[in-house]
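Subject: Structure for your review

Dear colleague,

I am handing over the structure we discussed, and my notes on what was found in it follow below. Please read them with the model open beside you.

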Amino acid sequence: MSSEIAFKRLWTANIFTNLADGLGKTAFPLLAITLTRDPVLISIIGALTMLPWLLFAIPIGAIVDNVDRRLALATTNTVRMLIAALLSILIATDSITIFWLYLITFIVGICEVFADTTSQSLIPAIVENKRLEKANSRMEMTFTVFQDFIGAPIGGLLYATAIAAPFIANSLGFLVAAILCAAIPLPKVLVDQKRTVS
C-alpha cells in the first residue's frame, strides 16, 4: 500500500512538472521574441535548454545515486518554482532582458536534468518489479500528453492573455510538485537500503 501511495504521489507530481515544463516550452521562445529581433540571439534559447543535458547528465546521475531522492526532487522543484516566480517579477517590473532570460533558461535546464534523472531513479525504489513496466509507461505517457499536447498550447494561450501569466502558472505547478514529492512515503525497500549502508 505504501508503495502504491508513493508512486501515485510521484506520478501526480510528474503531471504538474510536465504541465509546467510545457507552459515554459512555448512561453520562453515567445518571451525571447519580445526582447530581441535577432534570430541568432533567439536561437540561443534552444541551445541553452539542451546544453545542461550535455554538460551535467553524468555528474547529476552520480549525485542522485548518493542522496535522498525525495528530498532532491522536492528541492529541485522548489528551486524551479522560485526561478519562475523571479522571472514573473522581472517581467512585471519590466526588468527582464535577453541575458537574464539566458541565465534563467540555463538554470531551469539544469533543474530539469536533475528532476528527470531523480524521478526515473526513484521509480524502481518505490515500485515493485512486477509493476515497473506499467509505472514507466504511465510516466512516459504523462510526459508526452501533459508537456506537449496540453502544457504547450495552454502556455501560448496564457502568454496571449498576459506575458507573465504562463510563468506564474509555471511557478504554481512546481510548487504543487515540490509538496507532493516531499510527501512521498518512504517504502520498506529504501529503509532496508539505508540500514545496509549504515
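The buried residues of helix α5 pack against α1 (2–35), α4 (98–126) and α6 (165–182), where helices are DSSP runs of H or I with at least four residues, strands are runs of E with at least two, and both are numbered from the N terminus. Those buried residues are A135, M139, T142, Q147, G151, A152, G155 and Y159; buried here means under 20% relative accessible area, exposed means over 50%, and partly exposed lies in between, with a 1.4 Å probe and protein chains only. Packing and touching both refer to contact, that is, heavy atoms within 4.5 Å.

Please bear in mind that this is a predicted model, in which local features need pLDDT of at least 70 and side-chain atom pairs count only at pLDDT 80 or more, while totals for chains, interfaces and linings use all residues. Residues are numbered from 1 along each chain as its sequence is written, and side-chain values use heavy atoms, with hydrogens and water left out.

To stay with α5, its 30 residues (132–161) should span 44 Å at 1.5 Å a residue, and the end C-alpha atoms are 41 Å apart, which agrees; the expected span is 1.5 Å times one less than the number of residues. The helix has a kink of about 40 degrees at G151, shortly before the proline P153, the bend being the angle between axes fitted to the seven residues ending at a residue and the seven starting there.

The buried residues in α2 are I45, L48, P52, I60, G61 and V64, and what covers them includes α1, α3 (69–92) and α4.

For the protein as a whole, there are seven helices and zero strands. The radius of gyration is 18 Å, close to the 16 Å that the globule rule gives for 198 residues, so the protein is as compact as a globular protein of that length; this radius is taken over C-alpha atoms, and the rule is 2.2 Å times the number of residues to the power 0.38. Along its principal axes the C-alpha trace spans about 55 × 30 × 25 Å, and buried residues make up 42% of the 198 residues. Among contacts between residues at least 6 apart in sequence, 88% join residues at least 24 apart.

Some individual residues may also interest you. D21 lies in helix α1 and is buried, with a relative accessible area of 12%; leaving aside residues up to four places away in sequence, D21 touches R80, E112, Q147, N170 and F174. A165, in helix α6, is buried at a relative accessible area of 19%.

As for cysteines, the structure holds zero disulfides, a disulfide being a pair of cysteine sulfur atoms within 2.5 Å. The sulfur of C111 has its closest cysteine sulfur in C181, 13 Å away, which is too far for a bond. Both residues are buried, C111 with a relative accessible area of 8% and C181 with one of 1%.
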